Amino acid sequence: MDALSDALRGFRFSGAIFLDAELTRPWAVVTPSSADIADALAVRADHVIPYHLVTEGECTVTIPGQAPVRLTGGEIVMIPHGNVHTLASQVDVPPIQLPREFVDSVLKRRSILPIRHGGGGGTTRMLCGFFAVDRWYAQHLVKGLPPLVSAHVGSDGGQQLLAAVARRSIEESKAGGPGSDALVCRLSEVLFLDALRLIVKDAQVPVMGWLAGLRDPHIRHALSLIHARSQQQWSIQTLANDCGMSRSSFVEKFSALIGSPPMKYLAQWRMTLAARDLSERDTTVMEVADRYGYSSEASFTRAFRRAFNIPPATFRRSQLRNRDQ
């Protein structure tokens, strides 16, 4: 079993690339926040994660209050919480602020805009885009990530290959060939999943919650069981037995890594899945309540309201309304 794949399976991700940038030293740009991106795209129901993939050259990315991070070709940086950040050839270059009107016009194009900017020195090329995740699922996914994460996309020396595939996809999109839009969307999804996988594997990246639990073999196995068989009537003892641990040791390690006891995490995960299921047009609140072991719609409603601060029926109507817009 693969706990990460099980946690991601069945949830709606989307992505897009909106800038194909060629930048020459010296240069520095302050990027928009994820809230600005979401407003321009009219996707307020989604959580937007900006990203930048360096395909050639190098640059520095900085978030206020954080140490600058240097990126080289084949590296991607994601801003999980959507902070405003600065991209630059070096940290001492005064940045320009992208006007809100420019950001809106670029995003509303729904196509990739090539831009050229800088002082004529060494060249950096990058692709700028975003990942969009259902907001209720993002609460589970990104809360354990730091404000800025970077990774060398591709594995086993595949960074250059993936960068080349990304560049080829952009050229296809510009040419407007058949399936080019879908290709770029799938590329964004691959970049996101590969970066997330590498972040989990890299013990030097500080993560919390269930992502931290994936680094421990025993807790990773417990998460695999919970994610893959969420409707099963688990107990602490059965999970501990399946992980080859004593009950007390299992609870102590799970709570320390995940930040909540096993049964509380299971309940939270079931609510996350319930939110997903309530977004489906042909599913009723009572069907979802029964699916996750609630004996009545009232008890399920209380649990759902505690998790999302909204009744499930109201949540379902808002999700279907957003889908129809």
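These entries record what I looked up on cysteines and aromatic rings in this predicted model.

**Ground rules.** I number residues from 1 along each chain as its sequence is written. Local features need pLDDT of at least 70, side-chain atom pairs count only at pLDDT 80 or more, totals for chains, interfaces and linings use all residues, and side-chain values use heavy atoms, with hydrogens and water left out.

**Cysteines.** I searched the whole structure for disulfides (a pair of cysteine sulfur atoms within 2.5 Å) and found zero. I then checked burial (buried is under 20% relative accessible area, exposed over 50%, partly exposed in between; 1.4 Å probe, protein chains only). C59 is buried at 0%. C128 is buried too, at 6%.

**Aromatic pairs.** I counted ten across the whole structure. Rings of Phe, Tyr and Trp (its six-membered ring) pair if their centres lie within 6.5 Å; planes under 30 degrees apart are stacked, over 60 edge-to-face, the rest tilted.

I looked at F254 and Y265 next. Their ring centres are 5.9 Å apart and the planes sit at 70 degrees, so I logged the pair as edge-to-face. It links distant parts of the chain: F254 is in helix 10 (residues 247-258) and Y265, eleven residues apart from it, in helix 11 (residues 262-278). Helices here are DSSP runs (H or I, at least four residues), numbered from the N terminus. Both F254 and Y265 are buried.

F304 and F308 make a tilted pair, 4.8 Å centre to centre with 40 degrees between planes. They are four residues apart in helix 13 (residues 297-308), so about one helical turn separates them. F304 is buried at 0%, and F308 at 16%.

**Cluster.** I traced one aromatic cluster formed by Y294, F300, F304, F308 and F315.

Key. Helices (H or I, at least four residues) and strands (E, at least two) are DSSP runs, numbered from the N terminus.
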